[in-house]
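Subject: Structure handover

Hi,

Here is the structure for you to take over. Please open it first, then read my notes below.

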Amino acid sequence: MDFLPKTSTMASSPEGAAVVDAYKKALATAATVSAYAMLARGMARELLPDELRAAVRWAAAFVRSRYSAPEKQRHTIVIRRVLGGLGLGGGYNENDLFDAALTYLATKINPQSMSRLCLARTRMKEPGGSASWSTLLSMENGGSTTDTFQGVEFRWTSIESGGDDGKSRAHESLELSFDAEHTETVLHKYVPFIMSAAEDLRLRDRALKIFLNESSSWRGINHHHPATFDTLAMDPAMKQSVMDDLDRFLKRKEYYRRIGKAWKRGYLLYGPPGTGKSSLVAAMANYLRFNLYDLDLSSVYDNSCLQRLLMDMPNKSILVIEDIDCSFDTMSREKDGKLRQAAGTDTDTDEDGDEYDHDDVGARGYFQGRERHKMTLSGLLNVIDGLWSTTGEERVIVFTTNYKDRLDRALLRPGRMDMHVYMGHCGWEAFRTLARNYHLLDDHALFPEIQELLAAVEVTPAEVSEMLLRSEDVDVALRVLMEFIKARRSKTNDKHNDGITN
Ligand SMILES: Nc1ncnc2c1ncn2[C@@H]1O[C@H](COP(=O)(O)OP(=O)(O)OP(=O)(O)O)[C@@H](O)[C@H]1O
């Protein structure tokens with residue numbers, strides 16, 4: 001039989017003829033080999049007795065089982081949604097691992113590759129009364145998906161049984177199958193990884209809150225501050241280094257544990273009013289998806305009250321103390337410091353006249369009765385370190401101040417606050433961020449003049465924001481801003497001239 005099309009032009013050239021010949025030879029060879037195989041099988045059937053043929057089959061199976069790779073043993077872990085009778089008190093308890101696995105798998109499911117899927121949208125009540133929506137994609141009964149963790153493949157299957165009679169509840173479970181040799185990995189690494197990944201996803205989706213202290217308890221309200229690192233007008237390099245620092249901090253749990261330090265990171269934000277310190281705190285909270293705990297020290301009366309507040313702060317939260325220069329009697333502390341320096345000692349005396357080291361005040365309780373002048377920042381930090389080092393959970397602490405030079409030197413010492421961030425007047429890059437935020441503007445004919453003005457005159461990002469908001473018309477808003485900066489310039493010049501003439 002000739003399979004080549006009759007109209008083939010290939011055969012008409014010499015090269016084409018060679019190809020056709022080779023093709024025909026290959027067909028002939030294949031036909032010969034299969035004919036021999038058929039012949040051999042037929043002869044074996046004819047010539048070999050049944051017993052001998054069975055022996056040959058057995059020998060072949062033996063060789064296969066001995067020398068081919070053995071079938072791997074598979075294990076399956078069943079994760080039920082409800083722990084009937086297993087929960088505390090023998091009742092029916094929801095299984096947290098089931099929820100975590102469901103949340104985690106929602107990020108692994110590829111909707112393109114599954115013909116049936118479940119989609120749920122639920123309203124979640126937040127503590128404090130507010131609510132947020134959440135959407136969850138999951139596998140239908142019988143659906144399977146594969147996940148790879150540390151190079152090992154895991155098969156997940158969704159199983160639902162019972163509940164067909166309309167009376168009893170369906171039993172939902174997830175089955176996790178894997179090669180038996182990876183059992184240890186599953187129990188000690190994969191399951192903890194799923195729990196923590198699900199926790200991170202939950203934190204990412206939750207509505208953020210800001211908690212304010214009333215005496216010794218926290219009251220939370222929803223935190224909808226729109227500030228993000230994208231909308232924050234600040235020096236781009238500084239912005240990047242804050243973000244990098246936060247990222248690095250989050251990854252270093254093991255490192256902090258190893259060196260025996262509380263897993264906390266301290267940031268001191270300083271700069272004139274209206275330069276975005278509070279906005280940066282909000283941007284950090286939005287970036288990390290951490291709740292904010294805004295501590296007003298004026299309503300903290302004693303050491304135990306402070307301890308209670310700190311202990312009630314869950315992990316993954318930011319403790320903020322604003323305007324710390326106003327929260328402490330820094331001048332008297334400063335005076336004490338100078339006295340101690342003059343005396344060549346770093347000790348002080350307590351009410352009983354006993355000497356103590358200032359770095360040890362936290363352990364003794366730095367609130368001596370209700371005399372607030374005894375409160376020191378150093379002592380506060382010691383209390384925080386002492387409490388937080390025992391939890392091993394990640395916490396961020398932020399202090400803000402308009403006057404860094406008024407702060408207790410103990411706080412400025414290396415190792416106390418890990419990062420000092422200066423929030424300054426509005427520079428050119430900061431202005432461009434604000435122009436983008438408020439008017440989606442990347443360029444404008446007035447930009448060069450504004451750049452020159454900003455280089456010469458000090459205005460805060462808050463003032464620039466305010467001017468840009470004056471009109472929806474970009475040209476008008478930019479002109480208003482220019483007038484404002486020019487007016488500031490003449491005022492500053494007048495003051496300067498007054499100073500010279502006086
Ligand atoms: N760097 C900035 N980036 C973006 N917006 C800013 C910035 N600085 C100020 N703003 C705008 O000005 C408003 C006030 O700024 P914010 O409260 O963050 O400043 P602050 O430095 O904390 O001031 P204060 O020291 O008075 O508390 C913000 O809500 C925001 O609209």
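What share of the contacts in the protein chain with a separation of 6 or more comes from residues 24 or more positions apart? The share is 66%. Keep in mind that this is a predicted model.

First, the chain as a whole. The protein chain has 502 residues, and 22% of them are buried. Its secondary structure comprises 17 helices and 17 strands.

Next, the ligand. The shell around the ligand holds 15 residues. Pro273, Gly276, Ser278, Pro461 and Ala462 come nearest. Two domains contribute: domain 3 (210-422) and domain 4 (428-501) each give at least three residues to the shell. Two helices do so as well. At least two shell residues come from α7 (277-288), and at least two from α16. By class, seven residues of the shell are nonpolar, seven are polar and one is charged.

Helix α16 also takes part in a helix pair. Helix α16 covers residues 461-468, and helix α14 covers residues 428-439. The two pack at an angle of about 35 degrees. Their axes lie 10 Å apart. The crossing of α14 and α16 is right-handed. On the α14 side, the contact is made by Ala430, Phe431, Leu434, Ala435, Tyr438 and His439. On the α16 side, Pro461, Val464, Ser465 and Leu468 make the contact. Eight residues of this contact are nonpolar, two are polar and none is charged. Note Pro461: this residue is in the contact with α14, and Pro461 is also listed among the residues that come nearest to the ligand.

Last, two backbone details. Which value does phi of Gln150 take? Phi of Gln150 is near 50 degrees, which is positive although the residue is not glycine. Gln150 sits in the loop between β6 (144-149) and β7 (152-161). Gln150 counts as exposed because 9 other C-beta atoms lie within 10 Å, and the cut-off for exposed is 12 or fewer.

Leu440 is the other case. Phi of Leu440 is near 50 degrees, again a positive value in a residue other than glycine. Leu440 lies in the loop between α14 and α15 (447-456). Is Leu440 buried or exposed? Leu440 is exposed, since 8 other C-beta atoms lie within 10 Å.

Over to you.

Best wishes

Notes. Residues are numbered from 1 along each chain as its sequence is written. This is a predicted model: local features need pLDDT of at least 70, side-chain atom pairs count only at pLDDT 80 or more; totals for chains, interfaces and linings use all residues. Axes are lines fitted to C-alpha atoms, for helices over the stretch in contact, and angles run from 0 to 180 degrees between N-to-C directions. Helices (H or I, at least four residues) and strands (E, at least two) are DSSP runs, numbered from the N terminus. A crossing is left-handed if the near helix is turned anticlockwise from the far one by less than a right angle, and right-handed if clockwise. Two residues are in contact if their C-beta atoms, placed from the backbone, lie within 7 Å. Ala, Val, Leu, Ile, Met, Phe, Trp, Tyr, Cys and Pro count as nonpolar, Asp, Glu, Lys and Arg as charged, and the others, Gly among them, as polar. A residue is near a molecule or strand if its C-beta atom, placed from the backbone, lies within 6 Å of it. Domain bounds come from an automatic or database domain assignment. A residue is buried if 20 or more other C-beta atoms lie within 10 Å of its own, exposed if 12 or fewer, and partly exposed in between; C-beta atoms are placed from the backbone.
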